[in-house]
Each structure stands twice: as C-alpha cells, then as structure tokens.
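Here's a walk through this model, sheet by sheet and then on to the ligand. Have a look at it first.

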Amino acid sequence: MTATVIDGKAFAAKVRGQVGEHVAKLKEEHGITPGLAVVLVGEDPASQVYVKSKGKMTVEVGMKSVEHRMDETVSEADLLAMVQKLNDDPTIHGILVQLPLPGHLNSDLVINSIDPAKDVDGFHISNVGLLGTGQKSMVPCTPLGSLMMLRDHHGSLSGLNAVVIGRSNIVGKPMAQLLLGDSCTVTIAHSRTKDLPSVVRQADIVVAAVGRPQTVLGDWIKPGATVIDVGINRIDKPEGGTRLVGDADYESCAAVAGAITPVPGGVGPMTIACLLANTLTACCRSNGLTEPEGLTA
Ligand code: NAD
C-alpha cells in the first residue's frame, strides 16, 4: 500500500481562506478587526522565524498584527506588565507569548497571566481544564490542526484506536483530549512505554509527537492506519547541508499507512492557520457573535 499524502499546506491555505472571509465579514457587518499580539523575548533564531511568519499571515487574512520584542534580560515584572497591557487592550483579541522563554522567567506564571479569553495558544490552566472537562475552550493550535486533518480524512473518528506518542502539555496531552472528545479509544505512549512498537501496531491513528527524528518505523504501523507526524527535526544530509524530517520515518511508514502527513508540509502549516482561527474565534466570543463553523474543536 502507498499512503495517501495529507496535504497540510493546501489544507492550511483553505483554513486561512475561511478565516479571511470571516474577518472581512466582521469588518463589514460589525466594524471589528480581530487583533493578534505576539510577544517575543530574546533573539532565539527559530522563534524569530516563527514570529515573522505568524505576523505576515495575520496581516494576510486581514487581521491586526502587533509584535512586541523584549530584551533577553527583561524582568518577569516587565513581561507581566506587558501581558497585562495587552489583556486590557480592546483591539487585541489574541495574545501569544512565544516559547521557550529564557530560563530566569517562569513560563507557567507568564502564560497563566494571559486573559484566558485571549489565550490563543490554549496553554492557560483555565483552558487546559475546560478542554479536559469537554467544555468550550481555546484549543492548542498544533493538536487542533492535527484534529482538523483527521476529521477531514476520516469523517467520524468515533471508535477508532488512537495512539499518541508524547505526553507534553503543548502537543501530546491536548491531542489525546481532543481525540477522546471525538470518541476515539486513546492511548498515550511516552519515553517509559514498554514495547512501543506493539502499542503503536494497535492504532488506527498514530500521532507522533516524540521530538526525535524518524523514530516511528514502518513496521510499527498497522496496514492502512493514519499517521500524523507532528515532529520537526533538522538533520544532516549525507551529502552535506541539512533537511527537515518528522518524528516518523516517512518512507517506511508511507509504504504501510493508509494516510500520512509529510514533513515539511503537514502539521506545521496547520499550526499557524489554527492560531489565526483561534484569534478569530476569540474575537467572535468576546463580541458575543456567532463563532465560525469548522474552525474550532
Ligand atoms: P517534548 O520534548 O515536550 O515531548 C516529547 C514527548 O515524547 C515526551 O512526552 C516524551 O515522553 C516522549 N518521548 C521522548 N522520547 C521518546 C521515545 N523514545 N519513545 C516514546 N516517547 C518518547 O516535545 P513536544 O513539544 O511535544 O514536541 C514534539 C515534536 O513536535 C517535536 O519534534 C517538536 O519540534 C514538534 N512540534 C511541532 C509543532 C508544529 O507546529 N508542527 C508544534 C510543536 C511541536
């Protein structure tokens, strides 16, 4: 079997198109422009690239984009004051503090200082609790994008066996909650899981969020299963230079799976699209307007 390639780039373009249409309608009918503020502390090159492309796409869908860069040595008090200023700003509907933060800053404290209604990353403890209890919340972007692709490919996910590899707060745990919400039978595997290949072999859906390149191998995959590869790893090419690979070994998995997301061009583009979708959702909620359909969990 050769797997269907789930084209995250095309899917993300479609989602951004839907967001853009809703933004235009919001402006025309209600005179409201959704606003997203991104706070970047320090000079981490990867974070700078993410923040730049987030800003560009925010503007492309017609939203207001605000970027606050703070020095690597910024005090916690000054960063908290910045978040508070954005919490109080009625033109800002989404706030994202780019992670990781420098070591002297308490990430949990900073994230939990964001107004939960503006927490478009879905990392605030209130949103985590709401998601865990099946209530309306802001949903973390990477798992939300993965769920959208799974729903699009499968239709109903009800009753399917899902194995999520990775238990991080950012990807693994919220992904498992979302799959549970769609009535999958969910297993969370992690670094201490015994005989991971045999656990993965039970899965109709495998979500690889391991943070290690090409870890999930084709002979772990049940024939016809769907593989969602969340991983983004840069590895050396034998001929020199580097390339991006996922947490699944694409070649061997694609030979067995029914469907697979490539890296790059799979989950990655969906993450930013979902950030924009979350900002739109937050804006609609805060203004008491109907939320766009299909853009939330
Ligand atoms: P993390 O390091 O916080 O968590 C990794 C998880 O994998 C841990 O829970 C750990 O228990 C588990 N793990 C580690 N080694 C393992 C092993 N050998 N076997 C089984 N489980 C193992 O990482 P994260 O933040 O959850 O990110 C996971 C991956 O997703 C990374 O590659 C990251 O770059 C990528 N990522 C991509 C996006 C995106 O937009 N596509 C967003 C966030 C993260």
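In which sense do strand 1 and strand 11 pair, and over how many bridges? The two strands pair in the parallel sense, over 2 bridges. That just gets them in, since two strands count as paired if DSSP finds at least two bridges between them. In strand 11, Ile260 is the bridge partner of Val5. A quick word on naming: helices (H or I, at least four residues) and strands (E, at least two) are DSSP runs, numbered from the N terminus.

Before going further, keep in mind that this is a predicted model, where local features need pLDDT of at least 70 and side-chain atom pairs count only at pLDDT 80 or more, while totals for chains, interfaces and linings use all residues. Residues are numbered from 1 along each chain as its sequence is written, and side-chain values use heavy atoms, with hydrogens and water left out.

Strand 2 (residues 35-41) is joined to strand 3 by 7 bridges, and the two run parallel. Within that pairing, Leu36 has Ser65 of strand 3 as its bridge partner.

Then there's an antiparallel pair: strand 9 (residues 233-236) and strand 10 (residues 242-245), held over 4 bridges. Asn233 has Val245 as its bridge partner in strand 10. The hairpin of these two strands has 5 residues between them, and Gly240 there takes a positive phi near 100°.

**Domains**

The protein is split into domain 1 (30-116) and domain 2 (141-269), with bounds that come from an automatic or database domain assignment. The C-alpha centres of domain 1 and domain 2 are 29 Å apart.

One joins Leu99 and Pro100, with omega about 0°, and Pro100 is in the loop between strand 4 and helix 4 (107-111). The other runs from Val263 to Pro264, again with omega near 0°; Pro264 is in the loop between strand 11 (259-260) and helix 10. Ser183 also deserves a glance: not a glycine, and still its phi is positive at about 65°. Ser183 is in the loop between helix 7 (172-181) and strand 6 (185-189).

**The ligand**

What surrounds the ligand? A shell of 21 residues does, with Arg167, Ser168, Arg212, Val230 and Thr271 the closest; a residue counts as near if one of its heavy atoms lies within 4 Å. The shell divides into 8 nonpolar, 10 polar and 3 charged residues. Here Ala, Val, Leu, Ile, Met, Phe, Trp, Tyr, Cys and Pro count as nonpolar, Asp, Glu, Lys and Arg as charged, and the others, Gly among them, as polar. Helix 10 (residues 267-286) gives the largest share of the shell, 3 residues.

Here are some polar contacts (pairs of N or O atoms within 3.5 Å; within protein, one must be able to donate a hydrogen and the other to accept it, and residues adjacent in sequence count only if both atoms are side-chain atoms).

| Residue | Polar atom of the residue | Ligand atom | Distance |
|---|---|---|---|
| His190 | backbone | nitrogen | 3.5 Å |
| Val210 | backbone | oxygen | 3.3 Å |
| Thr271 | side chain | oxygen | 2.8 Å |

The protein covers 72% of the 860 Å² of accessible area that the ligand has on its own. Accessible areas come from the Shrake-Rupley method with a 1.4 Å probe; for residues, only the protein chains shown count as cover.
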